[in-house]
Amino acid sequence: MISRPRSPLQEYGFAVAAVAAATAVAFVMFPIFELTNLVMLYLLGTLVVATRGHRGPAALSSALSVLCFDFFFVPPRFKFSVSDAQYLLTFAVMFGVAMIISHLTIRLKEEAEAAREGEQRTAWLMEKAKKAEIEMEAESLRSALLSSVSHDFRTPLAAILGSASALLEKEEFRKSPSACDLLENIEAEAERLSRLVQNLLEVTRLESGTARLKKQLYPLEEVVGSALERLEKTLQHRNVKIDIPENLPLVPMDAILMEQVFINLMENGLRYTPPESSLEISAVEEKGAVLVTVADQGPGLKKDELERVFDKFFHDQSSPGAGLGLAICRAVVNAHGGRIWAENNSEHGAVFRFTLPLS
């Protein structure tokens with residue numbers, strides 16, 4: 001059960017009540033006990049007030065205890081005058097002892113609470129560390145598994161692609177529309193699976209830190225052109241608008257990895273847009289970096305997806321993708337010292353932007 005915090009007025013009221021209770025008990029003990037014994041009652045009351053952890057009420061209890069002891073029990077009684085000057089020293093000692101007791105009690109309580117909070121925080125940190133360690137081990141195991149499977153897939157995929165391409169060149173298959181369609185479908189799906197395997201390899205290499213960027217100064221339009229050539233068959237019925245200024249400076253980058261970024265962004269746009277819609281790729285120099293934009297004319301992204309689209313294996317359930325393309329884009333751009341983000345076009349479609357530092 002959670003206790004509600006007490007108001008300052010309640011605490012001061014409790015201090016007054018404690019002094020009143022000590023005075024009432026002292027009245028009962030007065031005919032029998034010496035005055036020095038009655039002082040103990042007031043010190044006990046101040047100790048009880050101090051255990052609640054508030055310095056103001058504890059100080060009030062100390063002061064009221066001295067006043068009540070003087071008024072009710074020190075001769076002449078029921079007056080604040082003192083017949084014996086020695087009682088002034090008694091009052092001073094009584095007040096000082098009460099203040100010291102309250103201070104030590106409150107400090108002890110604060111240290112106990114701090115120790116309890118420290119224990120709770122330590123337990124929380126240990127739990128988080130254990131959870132993080134388990135997640136790291138799981139991620140490491142998954143990356144190793146993905147890397148192993150990807151390597152094993154590359155050889156048979158290369159054989160399938162080579163065989164499909166070779167058969168498509170034979171005259172007897174080219175004369176048969178149905179056989180030609182089947183072979184073209186095999187070739188296209190094998191190429192798509194090959195790109196998926198390549199994405200798996202790249203994401204595991206980048207996340208494990210084994211990938212080393214081979215940066216050189218490249219014209220951005222050449223990298224974009226190379227990506228367009230790789231997607232020539234897929235883009236044959238699409239209009240791709242390129243807007244890259246001729247005076248755009250050379251960009252230090254790993255051309256192979258950046259080519260993969262453009263391929264992944266364009267494939268993502270093709271996957272979620274109508275067949276007749278176009279893609280737009282543009283770049284401008286901005287604040288010591290090149291800002292690249294890849295825009296499509298699809299339905300756009302939901303608000304909660306603008307960040308999540310870059311997570312591994314996140315994709316629309318209706319999409320044939322594996323949710324790795326954009327994750328690789330982020331890993332590659334981050335490795336180049338840039339950043340990547342997604343937006344929605346003011347009219348329609350999704351817009352992906354990323355920066356590449358020029359220095």
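Which residues point one way from β5, and which the other way? Ala289, Leu291, Thr293 and Ala295 point one way, whereas Val290, Val292 and Val294 point the other way. The views below are of a predicted model, in which local features need pLDDT of at least 70, side-chain atom pairs count only at pLDDT 80 or more, and totals for chains, interfaces and linings use all residues. Residues are numbered from 1 along each chain as its sequence is written, and side-chain values use heavy atoms, with hydrogens and water left out.

**View 1. Overall content of the protein chain.** The protein chain has ten helices and seven strands; helices (H or I, at least four residues) and strands (E, at least two) are DSSP runs, numbered from the N terminus. Of its 359 residues, 36% are buried, that is, under 20% relative accessible area with a 1.4 Å probe, protein chains only.

View 2. Five strands form an open sheet in the order β2-β4-β5-β7-β6, with mixed pairing; two strands pair if DSSP finds at least two bridges between them. Its edge strands, β2 (240-243) and β6 (340-344), each pair on one side only. On average, neighbouring strands are turned by 20° against each other, direction ignored.

**View 3. Strand β5 and its partners.** Seven of the seven residues of β5 are buried, so this strand is largely enclosed by the rest of the structure. Strand β5 (residues 289-295) is joined to β7 (residues 350-357) by seven bridges, and the two run antiparallel. In β7, Phe352 is the bridge partner of Val294, and Val351 that of Ala295. Seven bridges also pair β4 with β5 in the antiparallel sense, where Ile281 stands opposite Val294. The β4-β5 hairpin has two residues between the strands, and Lys287 takes a positive phi near 55° there.

**View 4. Helix α8 on the sheet.** Helix α8 (residues 255-271) lies across β4, β5 and β7, running at about 170° to β7. Angles run from 0 to 180 degrees between N-to-C directions, and axes are lines fitted to C-alpha atoms, for helices over the stretch in contact.

**View 5. Packing of α1 against α3.** Helices α1 (residues 8-29) and α3 (residues 55-72) pack at an angle of about 30°, with their axes 9 Å apart. They are therefore roughly parallel to each other (angles under 35 degrees). Among the residues in contact (heavy atoms within 4.5 Å), Tyr12, Val16 and Phe27 belong to α1, and Leu60, Leu64 and Phe72 to α3.

Note on methods
Parallel < 35°, antiparallel > 145°, perpendicular 65-115°, else oblique. Buried < 20%, exposed > 50% of the residue type's maximum accessible area, 1.4 Å probe, protein only.
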